[in-house]
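Please find below a colleague's note on the model under review. The points move from the whole chain to one residue and its surroundings.

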Amino acid sequence: MRSSIRGAGAAAAATALVVVVGGTWFGYQQLAGPSCSGEIQLSVAAAPELAPAVQKASAQWVEDGAAVSGTCIAVNVTASEPVDVAAGVASKHGATLAGVGQASGTVVTPDIWIPDSSTWLLRLKNNGATAFAPGNGASIARSPVVVAMPEPVASRFGWPERKLSWTDLLNAVSKGKGGLRAGIVEPTQDAAGLSGLLSLTAAAGAAGGDTQKATTGALRALATGRSALRQDLLARFPRANDPTSIASGLGAAALSEEDVMAYNSTKPPIPLAALYLEPAPMPLDYPFAVLPGIEPAKQSAARVLFELLTTQGFKKLLAAQSLRAPDGNWGDGFKAPQGAPSPAGGPASAAPAGVGAAGGLDPSAIDRAVSGWSIATQPGRMLAVIDVSGSMKTKVPSANNATREQVTVAASSQGLRLFDDSWSIGLWIFSTELVGSRDWQELVPINPLSSNRGQLQQALARIQPSKGDTGLYDTILEAYKTVQRGWEAGRVNSVVLYTDGKNDDKNGITQAQLLSELKELKDPERPVQVIIIGIGNDVSKTELKAITDVTGGGPFVTEDPSKIGDIFLKGIALRPNAPR
């Protein structure tokens, strides 16, 4: 979350009612008049550091007597943390965002949302918000993501003369006790943290050798210095100019350029240096998103507001908030940090991490980063349950005609490599009447990977489809009970089940019986999360969702079994979170 160090400006913008017009900017200039009647409420949620500029630009409309067709538009500009709005939008549009948590009862989704990064819009769209189709999503401001260091620490790295890379930072962070004390705001909840994470993991992946080991090591080094709130992270930078304070304080963190400028404006004992590492990470780009379902009059007003927020005058308002224009240039009064690149940033030496070859954001890279962070930084206890019913023999054309079973086992084997020895994992298979009248069979009990990794690998290699059907309900109930019986505090306790069909066990319990028993078993003090990965076109997401709505977790369904590796990452990244 953003810091409150920006002072009274953001607070004053928290609720500002102003009168604006609908239509186009040309129409606004021609039709502005001294009076109007009626009122349409247009709500705008803007990132806190941007909200004062949006409020001031909107207030100018009042002074100009803006109206269209004699109708007034009232705009409520609210300074809103992007993660809070994202939680509300996700809840409204059926998305599940890893690490974001549930929306609080007080969150109201706005008509227009201006978060700090387009990654919020992409994560919503890519994780189930099928009805979510933001308006133009064009950028109205920009702030590069930098690595903030106390100036004495930065000087040791050659700042401001030397140009550092993310590989340099990775090496400094990964040295163990003698390394740089780095921190990060939870990247699942903070766009600048996510951008820094993408760049650091990309550097680890390009370093050669054991990529997975290097990446996991970098993530764990960051995790020791993570903070849920931005102001908490900023408070950990050294507050006194003596060697002991500098050595014990935070040494580096991915923040926005605006964060560094705002922090330094408070005249701290030790200012922060902004290091513009190469390749340049994804900047905060402040997209203007018109949320779906608003009426035509509001859409017209939104178009006017967008045009107003792309004028030369607005660039000056951005400069007052230490923000750049979308093209990277800045308005009068902007005081760039020492070492900042030219206003537009110049040609990039490489595409930012998380950006695809075509220049757009890469959703798979973002999912991998979020999932890798979750797996590496939060220990878990998991029971993996794999469908071995006869339909798992079906061949998958997109996977070179490997069977669904082979694709599932391959994804599970690959996933196993992501977990370190602190995880505890067990393995079951299921069909119908697999062991006598029982639908499931334990292959490996849940134990730490330090002792059973080899057993799991061998058991996975032996899995073959059976001739049976899909005993889904009996298996889920017993798997849930098993994980709950051995529940461990300080871990995410979960069932991850793969299936390619609906329940068709004629001798098993019904869906109503399953849901009833799960509700009875559910214990908020000992939560067990159920992740169900549906494979192929015979799976009912509605059926699976009814189960995970009771247990927590979520259903993930793909008609293309070759995609289950990516889906596994999404599912395992889910973590139980308290409502926001």
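The numbered points below concern the overall fold, one glutamate and a pair of helices.

1. The model is predicted. In the protein there are 21 helices and 19 strands. Of its 580 residues, 54% are buried.

2. Contacts across the sequence deserve attention. Taking contacts between residues at least 6 apart in sequence, 80% join residues at least 24 apart. The protein exposes about 23600 Å², of which carbon and sulfur atoms supply 51%.

3. Is glutamate 543 buried or exposed? Glutamate 543 belongs to helix α20, which spans residues 541-551. Its relative accessible area is 9%, and because buried means under 20%, glutamate 543 counts as buried.

4. The surroundings of glutamate 543 can be listed. Leaving aside residues up to four places away in sequence, glutamate 543 touches Leu472, Tyr473, Lys502, Asn503 and Gln511. Lysine 502 is 41 residues from glutamate 543 along the chain, yet their C-alpha atoms are separated by 7.8 Å.

5. How do helices α18 and α20 run relative to each other, and which residues meet? The axes of helix α18 (residues 472-485) and α20 come within 13 Å and cross at roughly 20°. Because angles under 35 degrees count as roughly parallel, α18 is roughly parallel to α20. The crossing of α18 with α20 is right-handed.

6. In this helix pair, Leu472, Tyr473, Ile476 and Tyr480 of α18 meet Glu543, Leu544, Ile547 and Thr551 of α20. By class, the contact of α18 with α20 comprises six nonpolar residues, one polar and one charged.

Methods:
Residues numbered from 1 in each chain as written. Predicted model: local features only at pLDDT ≥ 70, side-chain atom pairs only at ≥ 80, totals over all residues. Heavy atoms only, no water. Helix = DSSP H or I, 4+ residues; strand = E, 2+ residues; numbered from the N terminus. Buried < 20%, exposed > 50% of the residue type's maximum accessible area, 1.4 Å probe, protein only. Contact = heavy atoms within 4.5 Å. Areas by Shrake-Rupley, 256 points an atom, 1.4 Å probe, with all protein chains shown as cover. Axes fitted to C-alpha atoms, helices over the stretch in contact; angles between N-to-C directions. Parallel < 35°, antiparallel > 145°, perpendicular 65-115°, else oblique. Left-handed = near helix turned anticlockwise from the far one by under 90°. Nonpolar A, V, L, I, M, F, W, Y, C, P; charged D, E, K, R; others polar.
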